[in-house]
Amino acid sequence: MQELTPYVKRITLDEGMPSLVGNTPLLPLVTLSDRTRGKTQVFAKAEWFNPSGSVKDRPAWSIIQHALHQGLILPGMHLLDSTSGNMGIAYATFGAALGIPITLALPANASPERLKILEALGAELVLTDPLEGSDGALRIAQGLAADHPEKYYYANQYDNPENWKAHYRSTGPELIEQTQGKITHFVVGMGTTGTLTGVARYLSEHKADVEIIGVQPDSPFNGLEGLKHIPTAIQPGIYDPDAADRIIEIRTEDAYDMVRCLARQEGYFIGISSGAAAVAARQVASEIDSGVIVTVFPDAGFKYLSDEQLWKRP
Amino acid sequence: MPQLKIPTPLRPYASGESTLTLEGETVAEILEAMVDLHPQLRKHLFSETGQLRPFVNLFLGEENINQLEGLQTPLEEGDTLLIIPSIAGG
């Protein structure tokens, strides 16, 4: 057990809630699998089983742990980052447990659910221009960090190697273990690209024949919250253009349809980026004769309930 | 005339403009004027059948037009209509 007092208020780094990060269930997606011949199986990692409810617990915990070990977060300092929501919720969850104040720059049009969760967890919010989106929030966080280096530890999830390393250390090995080494295709949404980069690097060393497929919106203007249109957004520093063997672009309406389909036909109540990942996984399944396709469902549908257009469509 | 604020991801399809001043008495009319001026914007905002795509959020000041009269919401001189993008990754 590692001592990190006085920065760690209530828990040590190997007990309590953070010990529950990762080892998420692997769910079979029956409607996307080949039910007649049984030669192609599709699975998804149910990342909402992480303590704060999303895949972001993996990089958030890795970034915080690393910063504490390196002595980068001194008493009284805040952890600062920009976020579209889930990373902020993960930071705020662990920050509350550890006694680290959290300051987040996020666009003012973040869903009411996200804003209320962050408020409940006690995070300090800097709401940024909705017209500028995530890139605008990123620039505001960069400015705050540059202006007040004594106040903020700038976690910078887009450039922090601990983001992808979290997936190299946890998600990658879990995919091999849970499929008993049978995984043939990995389909993953691209936001910060931490999951893509970390898993791709792990698989290249341990099962290099797995095809890696990245998923992004088909347009810079889209409704796939959490995903980035890489060619037109500020490119994350951790993005490795060689990580994906190919990229599938998804139309927002198709992801919306998939979200409702999986909720109503399989009981999987997933978020929008999960729907996009499932659409891409379905496309891959349609292209192959046999295989084991695994994708990642970053979060559940709870934080999208206020999106009336998503749920009311037939 | 009302103003229309264009979000960053759509500006490449609007000759780089961030604000357009357009003629129109309703939200629908100002959107039509917008795509007449910048036809490349149409496919990003409207479906093939001419419906507003489901993720397009339009705000008149602080209020979503869905809470007002939707596309038929009247606009007055000095009103500002905002097209709000979804929030990308992270």
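## A helix pair in chain A

Helix α2(A) passes helix α3(A) in a left-handed crossing (a crossing is left-handed if the near helix is turned anticlockwise from the far one by less than a right angle, and right-handed if clockwise). The model is predicted, and local features need pLDDT of at least 70 while side-chain atom pairs count only at pLDDT 80 or more, although totals for chains, interfaces and linings use all residues. Residues are numbered from 1 along each chain as its sequence is written, with chains lettered from A and ligands numbered from 1 in the order in which they are written.

Helix α2 covers residues 86-98 of chain A and helix α3 covers residues 112-120, and the two pack at an angle of about 15 degrees with their axes 9 Å apart. Axes here are lines fitted to C-alpha atoms, for helices over the stretch in contact, and angles run from 0 to 180 degrees between N-to-C directions; helices (H or I, at least four residues) and strands (E, at least two) are DSSP runs, numbered from the N terminus. The two helices, α2(A) and α3(A), are therefore roughly parallel to each other, where angles under 35 degrees count as roughly parallel, over 145 as roughly antiparallel, 65 to 115 as roughly perpendicular and the rest as oblique. From α2(A), Gly88(A), Ile89(A) and Ala92(A) meet Arg114(A), Ile117(A) and Leu118(A) of α3(A), and the residues of this contact divide into 4 nonpolar, 1 polar and 1 charged. Contact means that the C-beta atoms of two residues, placed from the backbone, lie within 7 Å, and in the classes Ala, Val, Leu, Ile, Met, Phe, Trp, Tyr, Cys and Pro count as nonpolar, Asp, Glu, Lys and Arg as charged, and the others, Gly among them, as polar.

Helix α5 (residues 161-178) and helix α6 (residues 194-206) of chain A have axes that come within 7 Å and cross at roughly 55 degrees, which makes α5(A) oblique to α6(A). The crossing in which α5(A) passes α6(A) is right-handed. Residues of α5(A) that make the contact include Trp164(A), His167(A), Tyr168(A) and Leu175(A), and those of α6(A) include Val199(A), Arg201(A), Tyr202(A) and Leu203(A); by class, the contact of α5(A) with α6(A) has 9 nonpolar, 9 polar and 2 charged residues.

## The sheet of chain A

In chain A, 6 strands form an open sheet of mixed pairing, in the order β1-β2-β10-β7-β8-β9. Its edge strands are β1 (26-28) and β9 (246-250), each of which pairs on one side only, and neighbouring strands are turned by 25 degrees against each other on average, direction ignored. Two strands are said to pair if DSSP finds at least two bridges between them.

Within this sheet, strand β7 (residues 185-189) and strand β8 (residues 211-217) of chain A run parallel and are joined by 5 bridges, and His185(A) stands opposite Glu211(A) in β8(A). Helix α6(A) lies across β7, β8 and β10 (291-297) of chain A, running at about 160 degrees to β7(A).

## Chain B

Chain B has 2 helices and 5 strands, which along the sequence follow the pattern β-β-α-α-β-β-β. A compact globule of 90 residues would have a radius of gyration near 12 Å, and chain B agrees with this because its own value is 12 Å; the radius is taken over C-alpha atoms, and the globule rule is 2.2 Å times the number of residues to the power 0.38. Taken along the principal axes, the C-alpha atoms of chain B fill a box of roughly 35 × 25 × 25 Å.

The 5 strands form an open sheet in the order β2-β1-β5-β3-β4 with mixed pairing, and β2 (19-21) and β4 of chain B stand at its edges with a single partner strand each, so one side of each is left without a neighbour in the sheet. Strand β3 (residues 57-60) pairs with strand β5 (residues 80-84) of chain B in the antiparallel sense over 4 bridges, whereas 2 bridges join β3(B) to strand β4 (residues 63-64), which also run antiparallel. Phe59(B) stands opposite Leu82(B) in β5(B) and opposite Asn64(B) in β4(B). Strands β3(B) and β4(B) form a hairpin with 2 residues between them, and Gly61(B) in the turn has a positive phi of about 65 degrees.

## Where the chains meet

Between the chains, 35 residues of chain A are in contact with 17 residues of chain B. Helices α4 (133-147) and α7 (252-266) of chain A each supply at least two residues of the side of chain A that touches chain B, and this side has 13 nonpolar, 16 polar and 6 charged residues.
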